[in-house]
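Here's a quick tour to read with the structure open beside you.

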Amino acid sequence: MSDKSNDVLLEVKDLKKHFAPHQSLAQTLSGKNRRVVKAVDGVSFSIHRGEIFGLIGESGSGKTTTGKLVMKLIDPTSGSIVFNGEDVTVTDKERTQAYRRQVQMIFQDPYASMNPRFKIKDVMDEPLVIHKIEGDHVEHEKMIIKALTEVKLNPPEEFMGRYPHMLSGGQRQRIATARTLILNPMMLVADEPVSMIDLSTRAEILHMMKDVQRDLGLTYLYITHDLSTARYFTDRIAVMYLGRIVEMGRAEDLIDNPLHPYTKALIEAVPEPRTGKVDVIKELPISGEIPSPANIPSGCRFHTRCPYAKPECSSEAEPELMDVGNGHFHACRRYKEI
Amino acid sequence: MSMKDVGYRFKEFWDDFRKETSGLIGLGILVLSLVVVLFEPVFLPFKDVDGNWRNISYWQDSPPAAPPAWTNLFAAEKSATTAYLNDPIVEDVDDPDFGLARVYTFKYNYKYDKSPLDIIFRAKGDGMLFMNLSVIRPDGETVYLGQVYEDGLAGDDIRFTVDTDARSSVYEFIRAHASEEAIANSDSSNVKATDIIFAKAGADMLSAREPLKGEYLYKVTIPASLFEDEANRIDEAKLIVTGRVSGVLGTDTSKRDIYSGIIAGLKWALFIGLVTSVISVLVGVLYGIISAYFGGTTDTIMSFIFEVFVSMPMLPILIVLSATFKPSIWIIIGAMIVFYWVGPVKTVRSMALQIKEETYIEAAKALGAGKWRIIFKHMAPILLPYSFANMALSVPGAIVAESSLSLLGLGDPSIISWGQILHDAQLSGATLNGLWWWIVPPGLFIAVMGMTFAFLGFAMDKILHPKLRTR
Amino acid sequence: MDKLLEVKNLKLYYHTSKGAVRALDDVSFDLYKGETLGLVGESGCGKTTTGVALLKMPSPPGRIEPGSQIILDGRDIMPLPEKEIRKNVRWEEVAMVFQGAMNCLTPVYTIGKQMLETLQEHRDMDKAQAEELIKEYLGLVGLPPEVMGRYPHELSGGMKQRIVIATALFLKPKLVILDEPTTALDVIVQAQIINLLKKLKKTFDLSFIFITHDLSLEAEVSDRICVMYAGKIAELGTNQQIYGEQGPMHPYTEKLLQATPLLHKKVDSLSYIPGTPPDLIDPPKGCRFHPRCHKAMDKCSQEEPPLLEVEPGHMVACWRCGK
């Protein structure tokens, strides 16, 4: 793993995705433009080779949209995505296809991500067919069995003829992972891969994903709302709020020593299995709910909910990510005072 | 999907389907129709009806506007039914006129009250032929019918009809029996030859006719010496007794057998209905999926085109088309497809809009699947079962539309369709003349065929539509 | 402390064509006045089914089997006719906030209209009175009165959940069953709702049954925890007994806790429970957990362990934990 490009596999620069709401002809003509939804509004981060990078945020923070942008499932409004030294923001069909071989996705609901009419064999065969992987049925079958073995589905032959609904949630997520592995990708984007899975087997799936990552030298972009699994699973974490990263750093640093008031609030709110809190009303530093991405506050976008907000927070330009050393970044100009 | 899965899905469908009584009725009628189409020759009394429907000479031996044979059951006086005598007894006998002669004898058992309309002798001949024709009645009387002399034959038809060719000969028979007075009082041109042959002989046989029931022998006598020359041959000798009632469903004024027409029309009805509906529904389903999947401007334009087609009335345009071009079944089917494909579009589009948002579609995209793979591999298989129901439901429309066109006289003349039978009936004033057997059956068959597919379609719709059966 | 609810030998079977699914099999527990009892377990363990059974409204083909007793405030509601239940028990004494209820608000009516309808269904009051009451309850759950004129799609998930909670409290029930009330919500909103529930409990002197799959959340809300597995109670103890230093006793609870990732502690490897919960038509012989248990012994696959009190207030159904 000695690469000249500082080992960066994926670099996202000032990525933006603005959705123009669907308008009728009459609305367009009358000039009554509805507000643009700024789902992702200037996100930059880079993921190193062999790293697990966590993207954390509440619903409406833009984390899933960021994942889709990285997957090139949607086109960005502006910004760039550089993968393995190559700008892939705008690509022709062939290069997109090549990119798709290298970057794969695991979805939140493993069941919904498989066509219910496909057998596991067909589910697994699909990437091979799409990418015209050479080989006849027998060779394809061998590859499928190898991938199923990698995710520890034993014996793999037994699963080939089944339909997704005949499997448990954990087994489905293993299949979903195996499907992404069959093309030997370099990176996986995992969008809440364990949130639909029972607690008792959640750790099992995370283990499996970690093992696969170690064995195959993969890089993960792990998207979640759950700080606890992120702490356990990831190397670095970026916290998103309303389409922007507000804090980013090594997982322990960020959780044990949060700098941004939003991160602090998030951590505060997470319940922990410890006794003695039943009669305690939790002190929540922030109130209210995340504003609509169609109506982003001026200045620091968090100021409307920030307990430490000063007038300059809303009047001055939005703070950029600042480095406090040790790879820990934050976007709060008053972090020293709080 | 392997055969086993298809089998499993089908079994699942069948388990539901057989609970639908109307669906089973529809399926029963459809299977029956298919059997009839497959074994059509078995059911057709006139095997060559297809190509000869508008050929007048093909039907010349049948009676015109004869009611169905079974109407005898309800009539006080039984009418002779049409009979085909194909196996004459051939023997060589001594004939007073010819010496040794070959005699073809047809036995006909007459047990009716009203005589047949005609007796027709038919054969194919070669070279020179000469023959005497006569009838020996149950009362022992012989009625001499006439002679046929033909030369230079080469497999040509020989046709001798009693009604026209034996008129004068039969008159001789009347003169031999009826009183002078009666003959003087009657108009010989008014006498029907068959009436005389099948009536008791007597002085007043012209005024008070009584049927003479029993076995009649129709004899064709040919001098045996003719056959010494091998060039002279007679083949396929047969006798047709043209009844006053005829066939399963009677005949029309052009002597055509309506039952044959209806059986031959069945395959066309099925063909028109199925081809139109299958093609138009497939086009519609695909159109709906594409419109939904691509979305945006494509969707807007496609929806607009769809709206235009929906708002165009089909029949007037079909009429103009058929009147402008030479009416052909292909043009009619093509035109119907142009109007029928819109049927499933709206529903399919809305369902496809839902499926499009499913995660597995997104997952397929993330894997790199192209749009056509997603449309054909992921979306179409889920929407197709629904379209089966749609296909069944649009069959009746196509059948009725073709019938309507034909009724207006714009059908394809090279096929037999039920609508055309109705058209002919209407032209001949069948309703005014009380020829109900010409109007009711084709109308009924159009209705039953429509109902069959409607039943099938409703049953399938109920099973396949409510849930998309994906989970 | 007085008992508000006593559940004895509760059995609820779903009678399917493949056999009876024993969703609840001999479940007994008490609920004291003013207490929050937590029901935890994996999906399909019978948590929600217990809640539904307490309202006496199992969904077909489910049936509460004879011999089950639900004693509410000293009165067994099992023999009561449906009419009486509807008039005096359901929503009047026992209310339930269903999982995902916030997504079941009718999209075409305003919040006010929907709340008004619910209220007038049960209480004989005119519109002005009812609206006053609604405003009062909206205030209690921390919503401004203007919300009455809004449509559900204009509100956030947290606001909708507050409305559902307010609606459940209208008729002043003694017991509120909360089925995963915060599952679809973000952590900060979840914490807000939990705080609200704690306040409301004090204000109205309520008792809660709090159903969730989240052991961490349960630690913050429930006085006593009831861990369910495959339609049975595996362990029942106080918050201290389950989450305290000494830790839980049943191997299932123990493993569940070890599988819970902790925010402030970096662990190298989380443990997990292999396999999947059993088929409830034909559950394993003996202890239902033994095929997945790391401490199973021969006896576990032979005999079913009874739910025994191993220390005051701490019940465990495990052969390893007998006294």
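**Helix 5 of chain A, side by side**

- Which residues of this helix are buried? In helix 5 of chain A, they are A:Ile144, A:Ala147 and A:Leu148.
- These three cover an arc of only 100° around the axis, which means they sit on the same side of helix 5 of chain A.
- Here's the background: an α-helix has 3.6 residues a turn, so residues three or four places apart point the same way.
- After helix 5 of chain A comes A:Lys152, with a positive phi near 60°.

**Strands and sheets**

- Chain A has an open sheet of 4 strands in the order 2-1-4-5, with antiparallel pairing.
- At its edges are strand 2 (37–48) and strand 5 (86–87) of chain A, each pairing on one side only.
- Strand 1 (residues 8–19) and strand 4 (residues 78–83) of chain A are antiparallel and pair over 5 bridges. Look for A:Lys13, which stands opposite A:Ser80 in strand 4 of chain A.
- Over in chain B, strand 4 (residues 118–136) and strand 5 (residues 142–161) run antiparallel and are joined by 16 bridges. In strand 5 of chain B, B:Val148 is the bridge partner of B:Met131.
- Those two strands of chain B form a hairpin with 5 residues between them, and B:Gly140 in the turn has a positive phi of about 90°.

**A loop residue in chain B**

- Where is B:Ser57? You'll find B:Ser57 in the loop between helix 4 (49–52) and strand 1 (83–85) of chain B.
- Is B:Ser57 buried or exposed? The cut-off for exposed is 12 or fewer C-beta neighbours within 10 Å, and B:Ser57 has 9 inside 10 Å, so B:Ser57 counts as exposed.
- B:Ser57 and B:Thr71 are 14 residues apart in sequence, and their C-alpha atoms are 26 Å apart in space.

**How the chains meet**

- Of the 2 pairs of chains in contact, chains A and C share the most contacts.
- That contact takes 37 residues from chain A and 43 residues from chain C. Helix 8 of chain A gives the most to chain A's side, with 8 residues.
- Chain A's side of the contact with chain C divides into 17 nonpolar, 9 polar and 11 charged residues.
- The contact between chains A and B takes 20 residues from chain A and 17 residues from chain B. On chain A's side, helix 3 (93–102), strand 6 (103–106) and helix 4 each give two or more residues.
- Chains B and C do not touch, and their nearest C-alpha atoms are 16 Å apart.

**How confident is the prediction?**

- Chain A averages a pLDDT of 88, and 94% of its residues score at least 70.
- Over residues 1–5 of chain A, though, the pLDDT is below 50.
- Where pLDDT is low, the predicted coordinates should not be read in detail.

Conventions
Residues numbered from 1 in each chain as written. Chains lettered and ligands numbered in written order. Predicted model: local features only at pLDDT ≥ 70, side-chain atom pairs only at ≥ 80, totals over all residues. Buried ≥ 20, exposed ≤ 12 C-beta atoms within 10 Å, placed from the backbone. Arc of directions from axis to C-beta. Pairing = 2+ DSSP bridges. pLDDT = per-residue confidence, 0-100. Contact = placed C-beta atoms within 7 Å. Nonpolar A, V, L, I, M, F, W, Y, C, P; charged D, E, K, R; others polar.
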